Amino acid sequence: MPSVVVPVHNEERSVALRLAELDSALQPLDTPWEAVFVDDGSADGSYAALTRLHSSRENVTVVRLRRNFGKAAALAAGFAHARGDVIVTIDGDLQDDPAEIPRLLLKLEEGFDLVSGWKTRRRDPLRRRVVSRLFNAVAGWISGAHLHDMNCGLKAYRADVVRGLRLYGELHRFIPVLAHQRGYRIAELPVNHRAREHGRSRYGLERYLRGFLDLLTVSFIGRYRHRPLHLFGGLGLALAVAGTGVLVYLTIVKIMGQAIGQRPLLLLGVLLVVVGLQVFSLGLITELITSHHEERAPERERADALVEEILS
């Protein structure tokens, strides 16, 4: 059964239309489905409109957050209350086209775990399109998950992909990156995108900046969570070796009779060695913390997190 998670923030005029579009798109599939609307602290009449939809339909679930926590928290709440084995996310502003959902579900059946929409003809202002393209290129280069449109709100997942994810800040943008790091198969599908009819966009340049910082966090944790010494140790050794090289050079210069006590290079060499040892020590400490945390997790639980299929 597919579950459609719809984050909503001040979309009073859109929620009924969104549900009607979901009906039109999913009824032909001849399978039960549910819509999970998450009211992310709306200040208009969105929650009242959602309660009316809930009263009139058995397959509508409404989750109301205490205040506006952001899209990542709204999606996490929706994932927690979704009952389907397949979860689709779609924004509540009517720009994403629900008619594309059956195509996403068919792509999942080809063996993929996550299918992300790609707004090939994006109906947004030029500035936002340019910034988004640059952001996606940088995100793909840093994370290794190469998608044309990582921030598209229209995605389909197998439920196992999203359940258990810790989403906060701007991490909803990087669910494909988190899935890629866990070994899930990812695909991308061109989808229709429509112009905004109601409300206004709440995305500005500052959100892309916060998203970039979250991207660095996700990439760092994904690559070095279980081997932090590979990062800190390598950096520390590089600094220490560079500092040692400087000091060896100054030692040779001293033996040749030149004064080195007032040379800034001497301070640089000592600083590089000290900082290098400190960074290397930080790597050892993080290794101890990581190993202690993993030892507390049951061995079966750690192994099952990596298993795709068991035949017995």
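Confidence, to begin. The protein has a mean pLDDT of 83. Of its residues, 89% reach 70 or more. Strand 4, residues 86-89, is where confidence is highest, at 94. Confidence is lowest in helix 11, residues 299-304, with a mean of 46. Over residues 299-304 the pLDDT is below 50, and beyond near neighbours in sequence the stretch has three contacts in the model. Where pLDDT is low, the predicted coordinates should not be read in detail.

Now the cores. In soluble globular proteins, nonpolar side chains tend to be buried together. Here, the largest nonpolar core has 32 residues. Which residues have the most contacts inside it? They are Val5, Val38, Phe79, Val162, Leu167, Phe174 and Ile175. Several elements give two or more residues to this core: strand 2 (34-39), helix 3 (71-81), helix 5, helix 6 (159-162), helix 7 (175-181) and helix 8 (205-224). Helix 3 gives the most, with five residues.

Take Val162 from that list. Leaving aside neighbours within four places in sequence, Val162 is in contact with Phe79, Ile87, Tyr157 and Ile175. There is also a second, separate core, of 28 residues. Val8, Val60, Leu105 and Val191 are among its members.

Next, helix 5. Helix 5 runs over residues 126-143, 18 residues in total. From first C-alpha to last, helix 5 reaches 26 Å, close to the 26 Å expected at 1.5 Å a residue. Its buried residues are Arg128, Ser132, Phe135, Asn136, Ala139, Gly140, Ile142 and Ser143. Why do they share a side of helix 5? Because they cover an arc of only 160° around the axis. The background is simple: an α-helix has 3.6 residues a turn, so residues three or four places apart point the same way. Turn to the other side of helix 5, and Leu126, Arg127, Val130, Arg133, Leu134 and Trp141 are exposed. After helix 5 comes Gly144, with a positive phi near 90°.

Last stop, Glu100. Glu100 sits in the loop between strand 4 and helix 4 (101-108). Is Glu100 buried or exposed? Buried, because its relative accessible area is 11%, and the cut-off for buried is under 20%. What does the side chain of Glu100 reach? The backbone nitrogen of Asn192, at 2.9 Å. Not counting residues up to four places away in sequence, Glu100 touches Leu154, Pro190, Val191 and Asn192. One of those, Val191, belongs to the second core.

How values were computed: Residues are numbered from 1 along each chain as its sequence is written. This is a predicted model: local features need pLDDT of at least 70, side-chain atom pairs count only at pLDDT 80 or more; totals for chains, interfaces and linings use all residues. Side-chain values use heavy atoms; hydrogens and water are left out. Helices (H or I, at least four residues) and strands (E, at least two) are DSSP runs, numbered from the N terminus. The expected span of a helix is 1.5 Å times one less than its number of residues. Buried means under 20% relative accessible area, exposed over 50%, partly exposed in between (1.4 Å probe, protein chains only). The arc is that of the directions from the helix axis to the C-beta atoms. pLDDT is the predictor's confidence in each residue, from 0 to 100. Contact means heavy atoms within 4.5 Å. A polar contact is a pair of N or O atoms within 3.5 Å; within protein, one must be able to donate a hydrogen and the other to accept it, and residues adjacent in sequence count only if both atoms are side-chain atoms. A nonpolar core is a set of buried Ala, Val, Leu, Ile, Met, Phe, Trp, Tyr and Cys residues joined through side-chain atoms within 4.5 Å.
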